[in-house]
Structure formats: structure tokens, C-alpha cells
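Reader: I would like to learn how to read a protein model step by step. Could you begin with its surface?

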Amino acid sequence: MSTSRGERNSEEILQQKQNSQANKSAKPTWIDVLPQIISSCLAHTLVLQVGIHMTYSTVQIPYLNLTIDQTSWLASFVIITSPVGSTVIGPIMDYIGRKWSLILVCVPYIISSLLTILADPGNIELLYLSKICAGIGGGMSTVAMVYVSEICHENFRPAILCLNSVFISCGILLTTILNLYLDWRSLSYCFLALVLISGLVLICFAPESPHWLINMDRTANVNKRMAKAEKSLKFLNRNPEIFEKEWRVLCQVRTRYDETRNKKALWRQILTTRECYKPLILLVILFTLQQFTGVYPVIFYAMQLFKEVGTEIDESHALVFLGIIRFGMSVVTTVLARGFGRKQLLIVSAAGLGVSSILLSSNLLMKSTFTNCAIQSNEYLVTPNESMRLDHSTWHNEMQVPPSAFNTSYTYQMASNMSTHEYNSSEHDAPHRLKRHRQNWNVPRSKSCVDHSSLSSDWLSLLFILLYVFFSAVGVIVIPWTMISELLPSYARGVCSGLMISYGYVCMFFMVKAFPFAIHSSVIGTFNVFGLVSFTLVGFVYFYLPETKGKTFVEIEKYFS
């Protein structure tokens with residue numbers, strides 16, 4: 001008995017050594033995986049639409065006369081309906097295949113573009129409906145990550161999965177650039193043409209996933225499934241040595257899938273096996289922290305945020321600059337993912353988000369402190385944010401400050417007799433108008449009131465927002481989504497990936513819906529919270545999240561089990 005066990009252990013050790021030697025000798029080059037890269041790019045053409053509709057709201061809103069509530073719903077409908085698409089696409093991709101699921105994603109995007117073309121600016125209900133369709137398409141487009149993870153070699157999988165962020169960033173940049181030359185309705189025509197081209201290219205050139213063909217194809221018997229999977233795998237791996245190694249791994253995954261399917265029902269397996277519920281728990285925590293760092297609301301409301309922090313720079317051009325930074329960093333992250341692990345990129349990204357958030361809030365706090373600083377002279381003492389009394393003509397004639405310089409109520413006291421006068425205004429931008437008209441005042445300021453414009457300007461606020469976007473693209477905005485298809489086992493990847501992506505979109509909805517009210521209440525407090533959550537994310541990634549770089553699906557499953 002013990003002898004037979006020892007023999008089996010020896011055989012397993014020998015097999016592991018042989019597999020390890022085979023893995024070392026079969027290291028692919030970029031040329032070897034070129035078919036995988038091309039197929040992944042074809043799938044990711046649909047992800048362009050996700051980036052487009054992330055930014056489309058922020059360029060569309062200025063053309064529409066909307067309330068704050070209507071503005072938040074127009075941006076949020078894209079998010080709250082995404083879980084519908086990601087939940088529905090899970091079973092669909094398991095039933096009809098990854099390739100045809102990708103083609104199916106085109107349908108809601110086509111409907112969304114047509115509704116936007118037909119809608120009038122005053123018909124907010126039709127615009128809402130177009131956003132709902134776009135959100136469903138965005139949720140369904142998550143099939144692209146599952147498809148890419150299944151067709152790519154493990155050595156190149158992290159980098160190729162990061163192309164998801166590159167294409168989203170490309171969609172954002174494309175929208176911001178076209179916004180400089182086209183109105184919102186003309187943009188919809190461009191986006192409709194892009195979807196139609198993507199669907200046609202996928203039908204003609206994209207291969208089916210070998211993992212799906214060998215495990216889940218119900219249209220053929222076992223032998224035909226094996227033959228289809230082998231053909232698809234050969235197309236994706238032209239190097240014979242690489243193909244043999246990948247074929248062995250694929251057959252091993254098929255055996256494990258068959259054992260799982262025969263022993264227990266899928267949902268029971270998901271809830272009771274460590275290799276499934278452990279990564280699910282980690283992903284729930286990861287997505288919660290990711291969303292509450294605020295990376296997505298900043299994209300959805302970029303133009304509104306530029307106005308709120310008081311930048312006097314043209315918002316459309318600042319938005320283009322933001323898109324360029326996001327796109328450039330997405331490309332850099334794709335390259336870095338080849339040499340660095342997930343944990344390293346996530347830690348650097350989250351730490352950078354925390355620092356840039358705190359810097360932005362500190363800059364705005366200094367700006368606010370300057371605005372609240374008393375402006376003194378031998379005759380007048382001016383103190384903001386109090387209820388005052390001052391005759392309008394006296395203020396205009398003696399102080400020589402135009403009424404348009406202020407948007408809040410200010411207290412003005414005569415230094416001689418400390419009598420109180422009242423002057424009321426109507427808007428909210430006092431800090432910026434004070435700065436704009438300060439040079440026209442005939443009142444010298446106290447030396448204790450430091451000219452804050454030399455310390456913290458609009459350019460600093462813009463710089464910290466761009467730094468925030470820069471670090472978000474390094475990892476936090478990309479890697480959690482790509483880890484879904486890596487951490488989950490193959491038999492649960494379709495269903496569980498849909499559930500996890502739905503959860504991520506629900507969290508995103510709450511953030512996007514609440515963000516306009518949060519920054520209207522306190523930009524400083526909002527970004528302080530973002531910074532605190534970002535530093536919490538650093539600790540979670542460092543202590544709990546496993547590294548997946550260079551590991552096969554079988555190795556990742558064994559780690560959790």
C-alpha cells in the first residue's frame with residue numbers, strides 16, 4: 001500500500017519536473033503570440049464604446065439645459081444598467097460561445113446610437129433610454145475580457161488584458177477630440193459607424209475560444225469539440241512547441257471541468273469550493289475599494305470638476321489633455337504589465353491616487369483660506385461669509401469693487417465706528433471673482449493676508465487632477481477588471497464574472513450618482529475621502545491579493561484550493 005503511494009508520488013513529482021522543463025523551454029516571443037494579439041484587439045474594438053459612453057455624457061451635458069438631478073441621472077443610467085448586461089451575458093457566453101457573444105454586444109450599442117440621433121435636446125426621456133441601452137452594451141462587453149484571458153499565453157496574458165484599458169482610453173480620447181469639431185448628434189453618427197465596423201470584423205476574422213470549444217460547446221460531440229479546439233489553438237499558437245504545451249494544459253483544464261460538472265451542480269460548487277468562493281471574496285473587497293477611490297466619477301464629470309475647483313482653463317481642451325494622459329498611461333501600463341506583477345502596479349497606482357487626492361484637497365483648502373482672509377485697510381475691514389449691511393452705491397463708489405465680483409454674502413465693517421452694513425449677492429464663485437477683480441480695488445491688503453495666487457493657482461488644481469488620472473491609469477482603473485477572468489476557475493468564469501462585473505457597476509453607479517452633490521457640497525472633503533480609501537487599498541493589495549503574473553489557470557486554482 002505504502003509502496004504504491006510512494007510510486008504515485010514519485011510519478012507526480014517526475015511529471016511536474018517534466019512540465020516545468022517544458023514550460024521553460026517553451027517561452028513564446030511576440031511573434032509567436034501575434035495571432036493572439038490581433039484577435040484580442042478585434043475583441044477590444046467593442047470596448048472602445050465603453051470609453052466613448054463614459055465621456056459622452058460630459059461632452060453632451062453642456063448642450064442640454066438640465067438640472068443637477070437630470071445631469072446625474074444622464075451620466076448614471078450608463079452605469080446602473082450595466083449590471084443587467086453583465087449578468088445576462090454570463091450564461092449567454094457559456095451557451096453560444098465567446099465569439100458570437102461579442103457580436104451580440106453590437107446590438108444595444110447600435111440601438112443607443114440610433115436613439116441619440118433621433119432625440120431632441122428637450123426629449124430627456126429618449127436620451128435616458130439611449131443611455132440605458134449603452135449601459136447594457138457596456139455590461140455585455142465584459143465578455144471581451146473572458147475571451148482574451150482564454151486565448152492568450154500566460155506569459156503575455158497580463159499585458160494583453162491591459163489592452164482593455166488602452167481601448168477604453170482610446171474611446172475617451174476619441175470622444176474628447178471629436179467634441180472639438182462636432183456637435184453631440186454628429187458624434188452619434190460616428191459611433192454608430194464604428195460599432196457596425198467592429199461587428200463585421202469580428203464575424204470575419206475572430207477565432208472562437210479553445211477553452212469554450214473543448215469544455216462547453218453543446219453543438220458537437222466530444223471528438224468534434226476536440227477537433228475544433230485543436231484547430232483554434234493551432235491558429236492562435238503557430239509555434240509547434242508552444243502549441244503542444246498549451247494543448248496539454250487545455251486537456252488538463254477539460255478534465256477538471258468534467259469532474260466538476262459531473263459531481264455537483266454549478267452553484268453549489270461556486271459556494272462551497274475554496275477555488276471559487278475565496279477569489280470571489282477578494283474581488284468583492286477589491287472592487288469596493290477601487291470604486292470608492294473615485295476614479296470613475298472624475299472621468300464622467302471631468303468638465304464639471306474643472307469648473308468646480310475654479311480653473312479658468314478651457315474645459316474642452318483640458319478634457320482632451322486628460323484623455324491624452326489616460327491613453328498614454330494605458331499604453332505604458334500594458335508594457336509594464338509584461339515585466340511587473342499585478343500587486344506592484346496596483347500598489348504604485350493606489351499610493352499615487354492617495355497622494356494626488358490629498359494634494360488637490362490641500363491646494364483647495366489653501367485657496368479657501370486665502371479667500372476667507374480679511375482684507376484690511378486704515379478705513380475698512382472686510383470679512384467674508386457673514387451677513388452684512390452696506391449701501392450698494394456706497395460700496396461701489398467708495399470701495400470701487402463691482403457687485404459682479406461677488407457671489408456670496410460678505411461682512412463689511414467700518415474700522416472707525418465698527419458699524420455693520422449688508423451686501424448680498426446671488427451665485428457661488430466668490431473666490432474666483434474676488435481674484436479676478438482684486439487688482440481694481442483701491443484698498444490695500446494687510447501684510448498678514450498672503451497672496452495665495454503665487455502659492456496655489458488654478459494650474460496647480462489642474463495639475464493634481466491630471467496626476468490623479470495619471471496614477472489611476474497605472475493600475476487601479478484597469479487591473480481589478482482583468483483579474484476577474486484570471487482568479488476565477490474556468491467552470492465558473494462565465495457566471496461569476498458577470499456577477500462580479502455587475503457588483504462593480506452597482507458600486508460605480510452610487511459613486512457617479514452621488515459625485516455631483518458631493519463636490520457641490522465640498523470638493524475638499526470629497527477628495528480627502530478618496531485619498532483615505534486609496535491608502536486603504538494599498539494595504540489590502542499588499543497583504544491579501546495574490547500575484548497572478550506568469551501563472552497558468554491551473555496553478556491559480558491550486559493556489560486557492
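Author: Accessible areas come from the Shrake-Rupley method with a 1.4 Å probe, and for residues only the protein chains shown count as cover. Here the protein exposes about 23900 Å², of which carbon and sulfur atoms supply 62%. This is a predicted model, in which local features need pLDDT of at least 70 and side-chain atom pairs count only at pLDDT 80 or more, while totals for chains, interfaces and linings use all residues. Residues are numbered from 1 along each chain as its sequence is written, and side-chain values use heavy atoms, with hydrogens and water left out.

Reader: What share of the 561 residues counts as buried?

Author: A residue is buried under 20% relative accessible area, exposed over 50% and partly exposed in between (1.4 Å probe, protein chains only). By that rule, 55% of the 561 residues of the protein count as buried.

Reader: How many helices and strands are in the protein?

Author: Helices (H or I, at least four residues) and strands (E, at least two) are DSSP runs, numbered from the N terminus. The protein has 28 helices and four strands. In helix 25 (residues 479-487), nine of the nine residues are buried, so this helix is largely enclosed by the rest of the structure; among its buried residues are Trp-481 and Glu-486.

Reader: How should I describe two helices that pack together?

Author: Two packed helices are described by the angle between their axes and the distance between the axes. Axes are lines fitted to C-alpha atoms, for helices over the stretch in contact, and angles run from 0 to 180 degrees between N-to-C directions. Helix 5 (residues 82-96) and helix 26 (residues 493-521) pack at an angle of about 175°, with their axes 8 Å apart. That makes helix 5 roughly antiparallel to helix 26, a label for angles over 145 degrees, whereas those under 35 count as roughly parallel, 65 to 115 as roughly perpendicular and the rest as oblique. Contact means heavy atoms within 4.5 Å, and residues making this one include Ser-86 and Gly-90 of helix 5 and Gly-498 and Ile-501 of helix 26.

Reader: Which residues does Ser-330 touch?

Author: Ser-330, found in helix 20 (residues 315-339), touches Ser-165, Val-166, Ser-169 and Ala-473, not counting residues up to four places away in sequence. At 1% relative accessibility, Ser-330 counts as buried.
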